[in-house]
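Here is a short briefing on one protein chain and its ligand.

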Amino acid sequence: MGSLLVDGEKLSSRYVPPKLPYRDQQLALLRGFLGSVVRGEAVSPRVALLIGPTGTGKTSSVLLLHKALANEGWAHAFAHVNMRIAGDTPFQLFAALYESVAGVPASRSMSAYELLRETVATLRREGLPALLVFDEVEFHARTALRSAIYALTRLHELQAAQVAMLFIARNLDWLKLLDPAERSTLGNVVVRYPPYTREQLLGILAYRAQEAFRAGAVGEDVLSWLADYAHTYMQSDVRRALDTLLLAALIAEQEGASKVEIRHIVAALKQTEVFVAPAEVEQLTLYEQLALYAALRASRAKPYARLSEVWEEMLSLAEQLALEPPKPEDFEDIVQRLVDLGALLSEGPTRIAPAPTLNVEAVTSVLRDALKTRVKAV
Ligand SMILES: Nc1ncnc2c1ncn2[C@@H]1O[C@H](COP(=O)(O)OP(=O)(O)OP(=O)(O)O)[C@@H](O)[C@H]1O
Ligand SMILES: [Mg+2]
């Protein structure tokens, strides 16, 4: 136990918190949807899709609901199969499902279909309603998932059982890989998980911090900075925000600091996010240096610049340095490379901003020198 953290594990993504703020609506929807199955009153299997970007609480909300139902005395069989981890063959998928339901390893001598029948037989023997969750289905949507849907929805024994199947994915693109009949067996119940707003992120971070930290070990200003950052640069992914907070806490503890400060968060970001240090600037090509310099100049007075403004700066810099300007199509590639390197961030197709982890003054002065010597050498 460190000096700042009471329980760092509480920030890990394996931990399912007892509450999921801002997901009441999704939890209520799911609960209503599963109600008839857990009560044993469903006339046929129920299927729903849970859709939302990464780190929006999809997996956690299902795990939380499973726990809540069990605590309330609604006994049920529960299987959570992650398609990415399970693998891309129907055998791997049904083996994972079987192991989850039966609690013992699947026999290698059985076929995929036999395993599925065995799974259903186990469910029937137990006489329990079943909640079957297929997570990250966009992986292997073309292979394992297709045959799974085919088999699951045509299996006669399953039709009579009390079963709810939840398919979790980041978006609906994978549905295009299915044919219309497969798609229609998935039904049209969609529970959406929109990205969190800045305020919601702050609320979540405050809640999770209060579980993990000693009182007063991390201030609201720090959490608010991180919420801002995660909202702008991490697509509101709570998992990445929590990972950053945990790493920042460990850095602060190592330093013997009495509180987590913004500089610890920045240090954590530098370790985890792609980061351009001044020394790396010298490794950039001349035109990359020029484009980076142009982007920094164009965004001097505001948090971002338009791509067209960066292009204008680039042309005027090239002229001052008596350099041939790049072709517009090359310019786009150069900017993209700087984005890939983590020096610039693109917000939408036309907005560019220096990465918050970029030490703008240091990089600007290195660039100025580098450009001077480079141009002399040309
Ligand atoms: N509303 C919330 N309140 C508290 N913690 C949350 C909330 N939403 C997400 N989290 C936390 O964020 C992390 C990511 O959540 P989760 O794994 O459920 O996301 P996901 O939507 O399944 O993402 P992915 O698509 O990447 O699998 C977990 O640690 C979870 O506890
Ligand atoms: Mg998930």
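A helix axis here is a line fitted to C-alpha atoms over the stretch in contact, and angles between axes run from 0 to 180 degrees between N-to-C directions. Keep in mind that this is a predicted model.

**Domains**
- The chain splits into domain 1 (24-192), domain 2 (196-272) and domain 3 (278-377).
- Between the C-alpha centres of domain 1 and domain 3 there are 49 Å.

**Two packed helices**
- Two packed helices are described by the angle between their axes and the distance between the axes.
- Helix α1 covers residues 24-38, and helix α2 covers residues 58-71.
- Their axes come within 11 Å and cross at roughly 50°.
- Angles from 65 to 115 degrees would count as roughly perpendicular and those under 35 as roughly parallel, so α1 is oblique to α2.
- The crossing of α1 past α2 is right-handed.
- From α1, the residues Q26, L27, L30, R31 and V38 take part; they meet S61, L65 and L69 of α2.
- By class, this contact of α1 with α2 has five nonpolar, two polar and one charged residues.

**The ligand site**
- Around ligand 1 there are 20 residues, and T54, G57, T59, S60 and V238 come nearest.
- Elements giving two or more residues to this shell are α2, α9 (198-212) and α11 (238-255).
- The shell around ligand 1 has seven nonpolar, eight polar and five charged residues.
- Ligand 1 lies between domain 1 and domain 2, because both give residues to its shell.

Terms used: Residues are numbered from 1 along each chain as its sequence is written. Chains are lettered from A and ligands numbered from 1 in the order in which they are written. This is a predicted model: local features need pLDDT of at least 70, side-chain atom pairs count only at pLDDT 80 or more; totals for chains, interfaces and linings use all residues. Helices (H or I, at least four residues) and strands (E, at least two) are DSSP runs, numbered from the N terminus. Angles under 35 degrees count as roughly parallel, over 145 as roughly antiparallel, 65 to 115 as roughly perpendicular and the rest as oblique. A crossing is left-handed if the near helix is turned anticlockwise from the far one by less than a right angle, and right-handed if clockwise. Two residues are in contact if their C-beta atoms, placed from the backbone, lie within 7 Å. Ala, Val, Leu, Ile, Met, Phe, Trp, Tyr, Cys and Pro count as nonpolar, Asp, Glu, Lys and Arg as charged, and the others, Gly among them, as polar. A residue is near a molecule or strand if its C-beta atom, placed from the backbone, lies within 6 Å of it. Domain bounds come from an automatic or database domain assignment.
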